[in-house]
Amino acid sequence: MKKLIALLLAMTTIFAFSACSSNKDGEKSSADPETNIYTGVLEEKKDFMVVVSAEEGEEPYIFTLEDGVTCDAEVGDKVNVIYTGDITKYSSYGDEILIATQVEVAE
């Protein structure tokens with residue numbers, strides 16, 4: 001739990017500083033899309049996506065893996081998915097695409 005809190009604090013600090021960085025032309029760049037963390041049980045994984053649900057009987061979320069992102073967790077493991085997208089607008093019909101930027105085994 002302490003590691004998760006430390007990870008969240010580190011990510012918050014990194015994103016706060018990156019929002020103030022400048023690009024090659026010296027203009028301030030816009031902040032990256034908001035990132036979030038979803039913790040649940042890995043139900044399925046493929047080379048391009050993972051399926052995760054928080055509780056049994058709950059509709060699972062499908063996260064598309066960003067290019068270069070891999071999932072080392074095994075089906076049934078509890079995982080943290082760091083993603084971009086609005087999970088409140090998500091449906092399995094593809095209304096909102098959730099992009100996983102990192103998938104790690106939760107402790």
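**Side-chain contacts in the predicted model**

Lys-46 is partly exposed, with a relative accessible area of 41% (buried means under 20%, exposed over 50%, partly exposed in between; 1.4 Å probe, protein chains only). The model is predicted: local features need pLDDT of at least 70, side-chain atom pairs count only at pLDDT 80 or more, and totals for chains, interfaces and linings use all residues. Residues are numbered from 1 along each chain as its sequence is written, and side-chain values use heavy atoms, with hydrogens and water left out.

Lys-46 forms a salt bridge with Glu-44 (a side-chain nitrogen of Lys or Arg within 4 Å of a carboxyl oxygen of Asp or Glu). The closest N and O atoms of this pair are 3.4 Å apart. Glu-44 is also partly exposed. Its relative accessible area is 32%. The count by this rule is one salt bridge.

Asn-80 lies in strand β4, residues 78-84 (strands are DSSP runs of E, at least two residues, numbered from the N terminus). Asn-80 is buried, at 6% relative accessible area. The side chain of Asn-80 makes a polar contact with the side chain of Thr-39, at 2.6 Å (a pair of N or O atoms within 3.5 Å; within protein, one must be able to donate a hydrogen and the other to accept it, and residues adjacent in sequence count only if both atoms are side-chain atoms). Gly-40 is 40 residues from Asn-80 along the chain. Their C-alpha atoms are separated by 6.8 Å.

Five aromatic pairs are present (ring centres of Phe, Tyr or Trp, the last by its six-membered ring, within 6.5 Å; planes under 30 degrees apart count as stacked, over 60 as edge-to-face and the rest as tilted). Ring pairs join Tyr-38, Tyr-61, Phe-63, Tyr-83 and Tyr-90 in a cluster.

Technical notes:
Helices (H or I, at least four residues) and strands (E, at least two) are DSSP runs, numbered from the N terminus.
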